[in-house]
Structures are given as structure tokens and as C-alpha cells.
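Student: I have a model open and would like to learn how to read it. Could you walk me through it, one feature at a time?

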Amino acid sequence: MNKPVYFLSDFHLGARYFSNPKEAERRVVSFLDSIKHNASEIYLMGDILDYWYEYKCVVPKGHTRFFGKIAELSDLGIKIYWFIGNHDIWIYDYLPEELGITVIDGIQIKEISGKTFFLNHGDAIGRRKVSFRFIRSLFRNKACQFLYSMLPSCLTIPFAHKWSSHSRASENSNSAECLRPISDFVKEYSASHPEVDFYIFGHLHIVADEAVTDNARCIILGDWIDKFSYAVYDGKDISIQYYKSPTQ
Ligand SMILES: [Mn+2]
């Protein structure tokens, strides 16, 4: 493999809790720009946008520089995969067509340069609370999505941002505890799937690189709210790195 593969997640661009949302967007854009000549593939592992809803004829405001940079990298021939998270669920055909990206909903198991990867945002992995599963199924229900799209966006967009800020405030900060559903799942799964070398997840907003077996590792990508972390695969191994933008 000539050029490395990058894995990033949880930018949460547009979140109301950023003290400086433009700076958060510029940091991501500046990172993407720094790798544009040295990346073969980029995996955006979900919750890239804090909220997104593609209506039939219009899309929400914002993210202009970010979308522009993604389009530029995609036009340069970098393959960009965007996994749906639990915040950017409602991507339909606008972003894939406009940005030239591949949108993936759910788990993908694929080989990249001889290693097998298990890729997913991570929100539905392992045992989750009934309330969480209920809301998740509601958000993904076609009839609910249709009814939601009928409501005026000046009501739904502020509501969605309030919801997101609330869910961030109630997030579990104990990393061992929040990692458990994923690490339990990975242990069980790897017993029957020894071919998987790397499990890659976002969602938890923690950085972790844990040995699952002698051969397999589980990587949790962190976020771009205060960690600016990502994983790089060079065709042999994966390492977690942190971006320090030139302006910092
Ligand atoms: Mn998430």
C-alpha cells in the first residue's frame, strides 16, 4: 500500500456546545487539507455532523468549508466512506452525490491491504438500554422520518440541537464503564471470527487501543471536540495520533 488509510469520528460539527464552532470546523478542514496528498482512503466513522436532515428539496445551513474540503479530497481520488452515527442518521442522497462519498449504515467487514477490519460507529454494538434502543428505532423508522420532515424546520432544528446538547450533558464519563458493551461484544465476536485484525469504533468520545486477542485489536477513535484524535493504518499496523493544528 502506497498511501495510508485514515479513520476519524465524532467531529459533531455544528454542535451548539462548541465555544467557537467556526474554529472546530477550520481545525477539521486544516487536518483534511494536511493529508490530501498522502491518503488513499478516509473513513469517517459517524457523528461527523451533530445534526443533519436532508429534506426533499433543501438541506440545513452550514458546514460549507468542511463539505468543500471533502469534495476536494474526493475529486483528488481519495475514497471517502462516511458511516452513519446516531447524530448524522438522516443522510440520504444529497451528500453522497454532492461530495462523491460512500455512505454506510451499519457494520462493514472488509479487507484493507491484507488485514481484516470490522467497522462501525458503535452506538448499537453490545447491550444497550431499552430507552436508547427505543429512541434509536424511532429515529430510524421511515414513517417517523416522513412525519418529522413535514414539520417546519424552524421548529425541528432548534429542537434537535437542544436534544443533542442534553444527550452530551448526560454522557457517561467513566471510560471503563462506557467501553464495556463494545469490549464485551468484541471479545465474544472475535472468538468465532478470528480473521478480524482490527475493530474500529467511534461514538464513545474516548481514545482506546486494546488487545482483544493475541492478533486482534479494538480501537476507539476519540473525538474532535477536545481530543482531535484519529487512527492511521499504513498497511501493516494502526496507530492513534493527535492533530495539532498550525494555529494552535
Ligand atoms: Mn455517537
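**Reading the model together**

Tutor: Let's start with one side chain: aspartate 209 is partly exposed, with a relative accessible area of 39%. Keep in mind as we go that this is a predicted model.

Student: Which side chain does aspartate 209 meet in a salt bridge?

Tutor: The general idea is to look for a side-chain nitrogen of Lys or Arg within 4 Å of a carboxyl oxygen of Asp or Glu. Here aspartate 209 meets arginine 217, with 3.0 Å from N to O. The structure holds 12 salt bridges.

Student: Which residues are linked in a network of salt bridges?

Tutor: Asp33, Lys36, Lys69 and Glu72 are linked that way. Follow glutamate 72: its side chain meets lysine 36 at 2.9 Å, N to O. That pair links distant parts of the chain, since glutamate 72 is in helix 2 (residues 64-75) and lysine 36 is in the loop between helix 1 (21-34) and strand 2, 36 residues apart. Glutamate 72 also forms a salt bridge with lysine 69, at 2.7 Å, N to O. Those two are 3 residues apart in helix 2, so about one helical turn separates them.

Student: Are glutamate 72 and lysine 69 buried or exposed?

Tutor: Under 20% relative accessible area counts as buried and over 50% as exposed, with partly exposed in between. Glutamate 72 has 29%, so it is partly exposed. Lysine 69, at 11%, counts as buried.

Student: Now the metal. Which residues coordinate the manganese ion?

Tutor: The manganese ion is coordinated by Asp47 (OD), Asn86 (OD1), His121 (NE2) and His203 (ND1), at 2.0 to 2.2 Å. Along the chain, these donors follow the spacing D-x38-N-x34-H-x81-H. Histidine 121 lies in the loop between strand 6 (115-120) and helix 4 (130-139), and histidine 203 in the loop between strand 7 (198-201) and strand 8 (207-211), so this pair ties together parts that are 82 residues apart in sequence. Histidine 121 is buried, at 0% relative accessible area, and histidine 203 also counts as buried, at 16%.

Student: How do I read a sheet? What is the strand order in the open sheet of 6 strands?

Tutor: The order is 4-3-2-1-10-11, with mixed pairing. Strand 4 (102-104) and strand 11 stand at the edges with a single partner strand each, so one side of each has no neighbour in the sheet. From one strand to the next, the twist averages 20 degrees.

Student: Where can I see the mixed pairing?

Tutor: Strand 2 (residues 41-44) and strand 3 (residues 79-83) are parallel, over 4 bridges, and leucine 44 stands opposite tryptophan 82. Strand 1 (residues 5-8) runs antiparallel to strand 10, with 3 bridges, and valine 5 has tyrosine 233 as its bridge partner. Strand 10 is also antiparallel to strand 11 (residues 238-242), over 5 bridges. In the hairpin of strands 10 and 11, glycine 235 takes a positive phi near 105 degrees.

Student: How many residues of strand 10 are buried?

Tutor: For a strand, check both faces. In strand 10 (residues 229-233), 5 of its 5 residues are buried: Ser229, Ala231 and Tyr233 on one side, and Tyr230 and Val232 on the other.

Student: And which residues form a nonpolar patch on the surface?

Tutor: Phe146, Leu147 and Met150 do, with about 350 Å² of accessible area together. Methionine 150, in helix 5 (residues 142-150), is exposed at 54% relative accessible area.

Notes. Residues are numbered from 1 along each chain as its sequence is written. This is a predicted model: local features need pLDDT of at least 70, side-chain atom pairs count only at pLDDT 80 or more; totals for chains, interfaces and linings use all residues. Side-chain values use heavy atoms; hydrogens and water are left out. Patches are made of residues with over 30% relative accessible area and no salt bridge: like charges are joined within 9 Å, nonpolar side chains (Val, Leu, Ile, Met, Phe, Trp, Tyr) within 5 Å. Accessible areas come from the Shrake-Rupley method with a 1.4 Å probe; for residues, only the protein chains shown count as cover. Buried means under 20% relative accessible area, exposed over 50%, partly exposed in between (1.4 Å probe, protein chains only). Two strands pair if DSSP finds at least two bridges between them. Donors are N, O and S atoms within 2.8 Å of the metal (3.2 Å for Na, K and Ca); water is not among the atoms, so sites may look incomplete. Axes are lines fitted to C-alpha atoms, for helices over the stretch in contact, and angles run from 0 to 180 degrees between N-to-C directions.
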